[in-house]
Amino acid sequence: MVGHTEFPSQNGGATPQDRRFGTLAVHAGSPHDPTTGAVIAPITLSTTFAQTSVGNPVGLYEYTRSSNPNRDNFEQAIAALEHAKYALAFSSGSATTAVVLQSLAAGSHVVSVSDVYGGTHRYFTKVASAHGVHVTFSPCIEVDVEQLIRPNETKLVWIETPSNPTLGLVDIEKIAAVAHRHGILVVVDNTFMSPYVQNPLDHGADIVVHSVTKYINGHSDVLMGVAAFNSESLKERLTFLQNAIGAVPSPFDCWLAHRGLKTLHLRAREATTNATAVAKALEASPHVISVNYPGIDSHPHRAIAIKQHRQGMGGGMLSFRIKGGQEGAHEFCKYTKIFTLAESLGGVESLCEVPSSMTHAGIPKDQREAAGVFDDLVRMSCGVEDAEDLTADVLQALDKAVAASKQENGTA
Ligand SMILES: *Cc1c(COP(=O)(O)O)cnc(C)c1O
């Protein structure tokens, strides 16, 4: 296996620390092809690699599940951008979560924030428990974490910041200080921010995970996940599981995701600009009850955003409560013309959805509302279109949605 920390020598042998994000995004894990000089790596579809004698492969590779040049390149790039020594790619964000949880022994206990991604909640409650790993959820983990830790049993604290879909923030440094006092690892799902806006390992996290499907690939055409970390023992354990479980991405998906990653900084900046404009327009609208966006001063955890996010950026995700109840939320998503009504996020195109009826429909209503996921909440993923067009689209949809839901409820 190639060293994941190595920076391509044709870039002057510089170490990643010498380069800034955009330079690393374009060059880390992107060596020129040594035989042809191709600037962009070929896609290595071969599943197997020749050996000259038993146990002596021609190059670095033997069988593609164990390692593949396109996967290695992508993993190197992610490691550089997340300030990690190692990164391992998986066939989805969900497979990444599963492998991290499967690295725990039966009888282990996990403390998690309550408003995790729906699929993560499902894995924690319906799959991990079958393997003897139990998860306690906390709605206010910064206050609770110490009390929820069970001596000798708790092995992991799982954080998602910002949370989905209410965009609440967790102070990673604060949680890591408590967890580390008890010898417990901290995992941060950094999908919503992407490595451009937030680098959890810099704030004390031990593992950062991503659904690559979202911002890292950024073009809504690849399903993939990745985990990055510094520990040698984690590298051994998770590399073993990556190969043993076999939930690995295809070479083509690695190549596509790597291509997407090269423009992450441009997309994340533009998405932040757009989300900020949309959040401000929503805040000024009489049709809106409240706006959740960590990039503006009204956000209750704005101080954490300033501390933890690059230049206090808010990213491309926001949510808001519309007047007119669930009907209003549904109507809004029907009337937007640029924002497409669809699940998922982080692509170049803007999307909107109603979490209580779509992504979070599986969570019981009382639990959902306790986490701020009301029936009138709309979640938006701002893409890289023009801010003026996005805000105009939102304002016209608000007008039509509120008028339509008033008529529906007989209050017109
Ligand atoms: C989408 C998502 C996941 C799951 O990733 P998949 O690639 O869809 O399996 C996990 N966490 C968050 C925050 C996500 O948005």
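This tour moves through a predicted model, stop by stop, and states what to select at each one. Residues are numbered from 1 along each chain as its sequence is written, and side-chain values use heavy atoms, with hydrogens and water left out. Because the model is predicted, local features need pLDDT of at least 70 and side-chain atom pairs count only at pLDDT 80 or more, while totals for chains, interfaces and linings use all residues.

**Stop 1: the ligand**

Select the ligand and the 14 residues around it; S94, D189, S211, T213 and K214 come nearest. A residue is near a molecule if one of its heavy atoms lies within 4 Å of it. Next, display the side chain of S94, where a polar atom lies 2.7 Å from an oxygen atom of the ligand. In the side chain of T213, an N or O atom is 2.7 Å from a ligand oxygen atom. K214 also places a polar side-chain atom 2.7 Å from an oxygen atom of the ligand. The ligand taken alone exposes 380 Å², and the protein buries 94% of that (accessible areas come from the Shrake-Rupley method with a 1.4 Å probe). By class, the shell holds five nonpolar, six polar and three charged residues. Here Ala, Val, Leu, Ile, Met, Phe, Trp, Tyr, Cys and Pro count as nonpolar, Asp, Glu, Lys and Arg as charged, and the others, Gly among them, as polar.

**Stop 2: strand β3**

Select residues 86-90, which form strand β3. Helices (H or I, at least four residues) and strands (E, at least two) are DSSP runs, numbered from the N terminus. Five of the five residues of β3 are buried, so the strand is largely enclosed by the rest of the structure. Buried means under 20% relative accessible area, exposed over 50%, and partly exposed in between (1.4 Å probe, protein chains only). In a regular strand the side chains alternate between the two faces of the sheet. On one side of β3 are Y86, L88 and F90, and on the other A87 and A89.

**Stop 3: an open sheet**

Select the five strands in the order β10-β11-β14-β13-β12, an open sheet with mixed pairing. Its edge strands, β10 (288-292) and β12 (340-341), each pair on one side only; two strands pair if DSSP finds at least two bridges between them. Strands β11 (residues 317-322) and β14 (residues 377-381) pair in the antiparallel sense over five bridges.

**Stop 4: H287**

Is H287 buried or exposed? H287 is buried, with a relative accessible area of 18%. It lies in the loop between α10 (264-283) and β10. The side chains of H287 and D399 are joined by a polar contact of 3.0 Å. A polar contact is a pair of N or O atoms within 3.5 Å; within protein, one must be able to donate a hydrogen and the other to accept it, and residues adjacent in sequence count only if both atoms are side-chain atoms.

**Stop 5: loops**

Select T161 and P162, whose peptide bond is cis, with omega near 0 degrees. The bond from N164 to P165 is also cis, with omega near 5 degrees. Finally, select Q311, a residue other than glycine with a positive phi near 50 degrees. Q311 lies in the loop between α11 (302-308) and β11 and counts as exposed at 73% relative accessibility.
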